[in-house]
Amino acid sequence: MFENLLENALKYAASGKRVEVALATEDTADGKREARVAVRDHGPGIAPEHLPRLTERFYRVDVADSRAQGGTGLGLALVKHILNRHGGRLTIESTLGQGATFTVHLPVA
């Protein structure tokens with residue numbers, strides 16, 4: 001799961017830009033503790049209309065670019081399913097021209 005997120009960040013970030021990884025624990029709105037791992041790239045970002053569909057199997061923002069990069073359109077779908085099995089979730093934030101942040105939320109035992 002983390003390998004996929006890091007590979008995506010490195011693959012889709014603009015050349016020469018950095019990738020950041022951050023880990024934190026926080027309380028959720030219902031008082032439960034969760035670990036959060038955020039992977040942020042400083043690439044071109046993702047248009048808002050694509051964000052809701054990014055974790056669908058075979059969905060690609062740019063099919064030609066994804067194929068050229070060696071993508072299958074399955075990575076984020078697998079991340080979502082792994083997280084679901086572990087009681088977690090994935091949130092995605094992006095601003096065009098400023099990159100994207102993929103955050104894994106996992107319950108802390």
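Start with the whole chain in view: among contacts (heavy atoms within 4.5 Å) with a separation of 6 or more, 52% join residues 24 or more positions apart. You're looking at a predicted model, where local features need pLDDT of at least 70 and side-chain atom pairs count only at pLDDT 80 or more, while totals for chains, interfaces and linings use all residues. Numbering runs from 1 along each chain as its sequence is written, and side-chain values use heavy atoms, with hydrogens and water left out.

Next, select the strands. The 4 of them make an open antiparallel sheet in the order β1-β2-β4-β3; two strands count as paired if DSSP finds at least two bridges between them. β1 (19-27) and β3 sit at the edges with a single partner strand each, so one side of each has no neighbour in the sheet. From one strand to the next, the twist averages 20 degrees.

Zoom in on β1 and β2, which pair over 9 bridges in the antiparallel sense. Pick L23 and you'll see V37 of β2 opposite.

Hop over to β3 and β4, antiparallel and joined by 7 bridges. T95 has G99 in β4 as its bridge partner. The hairpin has 3 residues between the strands, and G97 takes a positive phi near 85 degrees. Colour β3 by face: L90, I92 and S94 are on the covered one, R89, T91, E93 and T95 on the uncovered one.

Last stop, the inside. Which residues touch the most other members of the largest nonpolar core? Select L5, L54, L76, L90, F102 and V104, out of 15 residues in that core. A nonpolar core is a set of buried Ala, Val, Leu, Ile, Met, Phe, Trp, Tyr and Cys residues joined through side-chain atoms within 4.5 Å; buried means under 20% relative accessible area, exposed over 50%, partly exposed in between (1.4 Å probe, protein chains only). Leaving out residues up to four places away in sequence, V104 touches M1, F2, L5, A35, R36, V37, L83, R89 and L90.

Key. Helix = DSSP H or I, 4+ residues; strand = E, 2+ residues; numbered from the N terminus. Axes fitted to C-alpha atoms, helices over the stretch in contact; angles between N-to-C directions.
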